[in-house]
Amino acid sequence: METLNKAQKGEVVQLLKELVAIDSSQMPGKERVEEEMASYVTHYCKAMGMTVDKQEVAPGRPNLMAHWPEQTGSKSLMLEAHMDTVTVEGMTVDPFAGKIRDGKILGRGTCDTKGTMAAFLTALRIAGERGQLPADKLYFVAVMDEETCCEGAKELMKTDFRTDAAIVGEPTRCELVTCHKGPLWFEVETRGRACHPSLPEKGRNAIDEMARLVSFVHGAYTEHIQHKSHPLLGRSTAQVTVIEGGTRINIIPERCRAKIDGRYIPGQSLDEIKTEFERMARQQLGPEASFHIVSTKGFLPLDSPVESPLVRKLQKVIRQAGGSGKPQGVNYFADTGPFTAGGIASVIFGSGDIAQAHTADEYLELDQLYRATEVILTLLTQNVGRSILGE
Ligand SMILES: [Zn+2]
């Protein structure tokens with residue numbers, strides 16, 4: 001097991017401070033959010049001897065793909081972290097100072113996810129300098145706009161850039177996350193027929209139909225999707241979260257819309273879920289009801305095979321570093337969604353606790369930062385000249 005010496009610990013902290021000092025927060029109306037971060041990361045990777053490719057998704061908002069051109073292994077592994085953070089509004093600590101207090105570094109992005117980015121870059125740099133690299137083609141990928149809805153990763157998957165596997169950097173307390181649920185957001189509409197409310201039988205009340213749909217979602221539908229459970233994720237859920245319908249107090253409403261937040265365990269494609277929902281809802285509302293799905297948006301859940309060489313090797317190092325190494329499930333989703341859909345075997349690993357992400361006093365324990373760096377460095381140096389993705 002690699003352990004960082006004092007100088008190396010100082011270096012990873014300094015790197016994180018510099019990343020935190022760059023404002024890459026998603027504030028309403030802000031443009032070119034990741035431009036400065038991207039130029040810093042590009043510089044850092046080039047100084048390591050890496051070539052950096054850039055996908056300009058929007059002006060000043062690129063995805064970066066860095067690798068060592070001399071690495072020509074047949075398999076490829078990406079270490080990935082997003083460059084953006086959530087807003088700094090309402091923060092109770094200086095978001096950019098990277099102040100250190102009680103063994104913690106404070107500021108926006110320390111936990112989500114610049115700490116993990118600093119750990120990945122430092123591990124790559126140390127292993128690279130020593131010439132102790134695995135046979136796999138290693139990529140460091142920094143994406144834009146994860147916090148909105150994994151937009152950067154989605155855009156990257158529209159190109160032909162692919163790796164065999166990915167370690168996505170998000171706060172997991174240096175444990176291994178192999179699965180998360182997939183969200184599927186429905187917007188549905190019921191249509192009725194407007195009329196005077198004193199003669200309701202002349203029309204059809206769209207809100208009434210929606211009310212039946214809501215009881216269906218929270219009743220029969222929920223019961224149906226909860227038949228199956230996943231050992232790490234529990235059961236799927238579906239909740240109506242937004243509803244709007246009707247225009248005036250004295251008109252029977254002809255239109256009602258609702259939004260439904262569904263969180264699904266692995267096992268069904270998004271299309272299968274949608275078709276099943278539609279079929280059951282139609283049955284429930286009856287043939288005369290006018291109901292349709294206006295839009296859906298979603299991600300595939302993550303369910304990485306726990307017997308893959310990457311998972312096994314990471315587990316071993318995590319245990320050596322004092323962690324449990326047990327595969328875990330989480331409630332949030334990440335760039336693993338688009339990557340999985342793009343055919344990349346993905347897991348999540350990183351420093352810090354998701355409970356500290358997006359908070360007013362966001363922080364990262366320095367021990368977590370060191371541990372994440374040591375785990376990734378060990379993963380690289382334990383596999384010098386061999387494939388991490390092979391037996
Ligand atoms: Zn994140």
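Before the details, the ground rules. This is a predicted model, in which local features need pLDDT of at least 70 and side-chain atom pairs count only at pLDDT 80 or more, while totals for chains, interfaces and linings use all residues. Residues are numbered from 1 along each chain as its sequence is written, and side-chain values use heavy atoms, with hydrogens and water left out.

H82 lies in strand β3, residues 76-82, and E170 in the loop between β7 (165-168) and β8 (177-180), so the pair ties together parts that are 88 residues apart in sequence. Helices (H or I, at least four residues) and strands (E, at least two) are DSSP runs, numbered from the N terminus. Both H82 and E170 are buried. Buried means under 20% relative accessible area, exposed over 50%, and partly exposed in between, using a 1.4 Å probe and protein chains only.

Now the chain as a whole. There are 10 helices and 16 strands. The C-alpha atoms fill a box of roughly 80 × 45 × 40 Å along the principal axes. Of the 391 residues, 54% are buried. Among contacts with a separation of 6 or more, 79% come from residues 24 or more positions apart; contact means heavy atoms within 4.5 Å.

Next, the cores. A nonpolar core is a set of buried Ala, Val, Leu, Ile, Met, Phe, Trp, Tyr and Cys residues joined through side-chain atoms within 4.5 Å. The largest one has 61 residues, and C45, M117 and F140 are among those with the most contacts inside it. Leaving aside neighbours within four places in sequence, C45 is in contact with M50, V52, A66, L121 and F140. A second, separate core has 24 residues, including A206, Y221, V240 and A289.

Which strands make up the open sheet of 4, and in what order? The order is β10-β11-β9-β12, with antiparallel pairing. Two strands count as paired if DSSP finds at least two bridges between them. β10 (237-245) and β12 (290-298) are at the edges with a single partner strand each, so one side of each has no neighbour in the sheet. Neighbouring strands are turned by 20 degrees against each other on average, direction ignored. β9, residues 182-191, pairs with β12 over 8 bridges, and V188 has I293 in β12 as its bridge partner.

Two helices pack here. α6, residues 206-225, touches β9, β10, β11 and β12, at about 175 degrees to β10. α7, residues 270-285, lies across β9, β11 and β12, at about 160 degrees to β12. The axes are lines fitted to C-alpha atoms, for helices over the stretch in contact, and angles run from 0 to 180 degrees between N-to-C directions.

There is also an open antiparallel sheet of 3 strands, in the order β4-β5-β16. Its edge strands are β4 and β16 (363-365), each pairing on one side only. β4 and β5 (104-106) are joined by 2 bridges, and I100 stands opposite I105. α10, residues 366-381, packs on this sheet, touching β4, β5 and β16, at about 65 degrees to β16. α3 lies across β5 and β16, at about 50 degrees to β16. Of the 21 residues of α3, 18 are buried.

T92 is in the loop between β3 and β4 and counts as exposed at 62% relative accessibility. T92 and D361 are 269 residues apart in sequence, yet 5.6 Å apart in space, C-alpha to C-alpha.
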